[in-house]
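Q: Hi, I have a structure open and would like to go through it step by step. Could you help me read it?

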Amino acid sequence: MSDVQVTLTIVADGLPPTADAFEVGLQAGKDRLLAGTPTDDGGLRYECVVAATSRPDGSTGFRGECVHGPTAERFLYLSARAPGGDSWYRRLKIMLPRRPDLGTGRLAIRVRDEGRARAGVVTDWTPA
């Protein structure tokens with residue numbers, strides 16, 4: 001199977017307040033942050049496009065500038081740092097699904113920062 005382009009939407013609750021203390025975003029590459037859009041209910045919405053491919057074991061492999069981690073455990077980072085800084089104050093992992101339904105070409109998840117390395121899942125990955 002060739003790569004399929006998939007749009008990922010992440011809505012995050014409970015992220016550090018940005019004010020002037022932090023810039024928070026979806027991490028692209030090693031140091032670029034993609035800004036979020038506020039939602040009506042107080043969350044922040046992020047989107048990115050990734051390439052997805054079916055692997056021999058039936059799982060899905062993801063690639064793209066926002067995808068991090070080893071092949072078998074891909075994830076996204078929501079990251080926070082001082083404005084213009086080069087070190088991370090906090091990074092929150094959002095694990096990508098192993099066997100998602102890619103029929104719509106869009107997947108969405110809602111997460112919450114619970115003070116741990118991995119995001120707490122409010123609503124797991126579903127077709128959007």
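Predicted model: local features only at pLDDT ≥ 70, side-chain atom pairs only at ≥ 80, totals over all residues.

Q: Okay, how many aromatic pairs does the structure hold?

A: The structure holds 2 aromatic pairs. In one of them, the ring centres of Phe 22 and Tyr 89 are 4.2 Å apart and the planes are at 35 degrees, so this pair is tilted.

Q: Where do Phe 22 and Tyr 89 lie?

A: Phe 22 is in the loop between β1 (4-13) and β2 (23-28), while Tyr 89 belongs to strand β8 (residues 88-95), so the pair ties together parts that are 67 residues apart in sequence.

Q: And is Tyr 89 buried or exposed?

A: Tyr 89 is exposed, because its relative accessible area is 52% and the cut-off for exposed is over 50%.

Q: What about the rings of Phe 75 and Tyr 77, how are they arranged?

A: Their centres lie 4.9 Å apart with the planes at 75 degrees, so Phe 75 and Tyr 77 form an edge-to-face pair. Phe 75 counts as buried at 6% relative accessibility, and Tyr 77 is buried too, with a relative accessible area of 12%.

Q: Which charged end sits over the ring of Tyr 77?

A: That is the charged end of Arg 91, which sits 3.9 Å from the centre of the Tyr 77 ring. Over the ring of Phe 75 there is the charged end of Lys 93, 4.5 Å from the ring centre.

Q: Switching topic: which residues touch the most other members in the largest nonpolar core?

A: This core has 29 residues, and those touching the most other members are Leu 8, Ile 10, Leu 76, Leu 78, Ile 94 and Trp 125. The elements giving two or more residues to the core are β1, β2, β5 (44-54), β7 (75-81), β8 and β9 (106-112), and β5 gives the most, with 5 residues.

Q: Last one: is Asp 13 buried or exposed?

A: Asp 13, which lies in strand β1, is buried, with a relative accessible area of 12%. Leaving aside neighbours within four places in sequence, Asp 13 is in contact with Gly 43, Arg 110, Val 111, Arg 112 and Asp 113.

Methods
Residues numbered from 1 in each chain as written. Heavy atoms only, no water. Phe/Tyr/Trp six-rings, centres within 6.5 Å; stacked < 30°, edge-to-face > 60°. Helix = DSSP H or I, 4+ residues; strand = E, 2+ residues; numbered from the N terminus. Buried < 20%, exposed > 50% of the residue type's maximum accessible area, 1.4 Å probe, protein only. Lys NZ or Arg CZ within 6 Å of the ring centre and 35° of its normal. Contact = heavy atoms within 4.5 Å. Core = buried A, V, L, I, M, F, W, Y, C linked by side-chain atoms within 4.5 Å.
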